[in-house]
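Subject: Structure handover

Hello,

Here is the structure I promised to pass on to you. Please have it open while you read, as my notes follow directly below.

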Amino acid sequence: MSNTPDDLKYSKSHEWLRGNADGTVTLGITDHAQDQLGDLVYVEVPEAGRELQAQEACAVVESVKAASDVYTPIAGTVVEGNETLADTPEAVNNDAYGAGWLLRLKPADAAALDGLMDASAYQAFLESE
Amino acid sequence: MGNQTPLYHAHQAMGAKLVDFAGWDMPIHYGSQIEEHHAVRREAGMFDVSHMTVVDLVGAGVRPFLRYLLANNVDKLQQRGKALYSCMLNAEGGVIDDLIVYFLEESWFRLVVNSATREKDLAWIEQQGAGFEVEVIEQPGLAMIAVQGPQAREKVLPLLPARGESAAALKLFYGLEIEDWLVARTGYTGEDGFEIMLPDSDAEAFWQGLAAAGVRPCGLGARDTLRLEAGMNLYGTDMDETVSPLVSGLGWTVGWEPAERDFIGRAALERERDAGPAARFVGLVLEDKGVLRNHQRVLVEGAGEGEITSGSFSPTLGRAIALARIPAAAAGERCQVEVRGKLLAARLVRAPFVRNGKAQINID
């Protein structure tokens, strides 16, 4: 059973999104995704100011065995990437919903998160996969 | 469901993530491939390699047959138990497989070949052996466990039949029969240790004994990064039937002397050697951040393009490393690798990258 916190939104490509009080959104990959990838050894995050379209590849996570793109399910502007992951990629494995966050963005549409899965819908999706 | 080794249930109980490997359900890791890798470099780890194919060659004609079958010269094996690494070539000098051959008795040699090539290897050996007095006997009832790392020997010896007294004196690249086990001081990690062939029925008790002694179970994932750091080739990735040992970093395994030894592929290898091989096989260290992967393009200024044959991240060095086949004309140590659409700086080095826990190359 994967860990899926109730206060987050989820995508079918296994990203999580957290709506912050300041209107920005933090994005990372789910516990299920990090478990599937195995030990991460390299993470590439986008630079602040980059404009992202919905479904665009916005980060790269590489494990010992493979590289995977991370997609943003919502459009927006990157506020910051988690640069500390350059030296501590394992934070994504150890703390996917905390220190392993990938980027923070300002959504183009403040209501965009509403269309995403909640924790129970994502759990059901994982079980159906 | 694939083939299962005698340790399948032990792997499940130890939390292994099992994947298909050449038709076998094998552990890729037991939680963290990187921690398993470090355990082998620093302490001791164990690998179930029972999927590998063990073939005994028996009969009065075994040595003459192996002189003909293998590119390395089996006459280097004069002391019982001595092991030799060799390629088995086709007539064009392409590599059918790489293997270890053990000299057990004058009429009994043992080969350990790759599982992914099992069927073609057996067919080739049978076909080539037709004119020799030799019987080809596969040993599917043997499990194989590799125990590797600086503490491997002290952990293994007390668990061997007869408490391993005779195995304590084994030299590097020698094997020893102890009852119906074959204990060999060989490996695929660049660390000291043993590879042990034993009856299927003994495998689980031995594995559990090792675990109780603190030997960490390790999957094929760590096995791959360890062998890459050790600069050891992987069949099907670093070489196959389309390339010769001379362009695969394996020229040292070709037994050229004596010149009159006629082995399969010799004529083709001599032509290639005399003309000068078109490629060379090198190690690469990525200077920029990122990870090297199989099949990425390598660009060497003035010499053209090559390709990474095995690339990954080296847990010991904290850098991406690779083995690559590049044009023979490449000079100097600078090159670039195309990684996900970007050209990154890399350096040509001589493998191995790591041996006995120590970096063998300079990392700035």
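A search of the whole structure, which is a predicted model, finds one cavity of 30 Å³ or more. By cavity I mean a set of points, on a 1 Å grid over the protein atoms alone, where a 1.4 Å probe fits but cannot get out; lining residues have an atom within 4 Å of a point. About 60 Å³ of space lies in this largest cavity, where grid points are joined across faces, edges and corners and a volume is the space filled by probe spheres set on the points. Both chains contribute to the lining: Leu37(A), Gly38(A), Asp39(A), Ser63(A), Val64(A) and Lys65(A) on one side of the list, and Ile28(B), His29(B) and Gln33(B) on the other. By class, that lining has three nonpolar, four polar and two charged residues (Ala, Val, Leu, Ile, Met, Phe, Trp, Tyr, Cys and Pro count as nonpolar, Asp, Glu, Lys and Arg as charged, and the others, Gly among them, as polar).

A word on conventions: residues are numbered from 1 along each chain as its sequence is written, and chains are lettered from A and ligands numbered from 1 in the order in which they are written. Local features need pLDDT of at least 70 and side-chain atom pairs count only at pLDDT 80 or more, while totals for chains, interfaces and linings use all residues; side-chain values use heavy atoms, with hydrogens and water left out.

Next, the second largest pocket (an open set of grid points with protein on both sides within 12 Å along at least five of seven lines). This pocket holds about 620 Å³ of space. Its lining comprises 30 residues, and Leu40(A), Val41(A), Pro89(A), Glu90(A) and Ile34(B) lie nearest the centre. Ten of the lining residues are nonpolar, eleven polar and nine charged. The biggest share, four residues, comes from α2(B) (helices are DSSP runs of H or I with at least four residues, strands runs of E with at least two, numbered from the N terminus).

Gln34(A) lies in helix α1 of chain A. Gln34(A) counts as buried because its relative accessibility is 9% (buried means under 20% relative accessible area, exposed over 50%, partly exposed in between, with a 1.4 Å probe and protein chains only). Its side chain makes a polar contact of 2.9 Å with the side chain of Asp31(A) (a pair of N or O atoms within 3.5 Å; within protein, one must be able to donate a hydrogen and the other to accept it, and residues adjacent in sequence count only if both atoms are side-chain atoms).

In chain B, which residues have the most contacts inside the largest nonpolar core? They are Phe47(B), Leu89(B), Tyr102(B), Val112(B), Met197(B), Met239(B) and Leu269(B), in a core of 36 residues (buried Ala, Val, Leu, Ile, Met, Phe, Trp, Tyr and Cys residues joined through side-chain atoms within 4.5 Å). Elements that give two or more residues to this core include β5 (83-89) and α7 (220-229) of chain B. Nine of the ten residues of α7(B) are buried, so this helix is largely enclosed by the rest of the structure. Just after α7(B), Gly231(B) takes a positive phi of about 70°.

Finally, Cys87(B) lies in strand β5 of chain B and is buried, with a relative accessible area of 0%.

Best wishes
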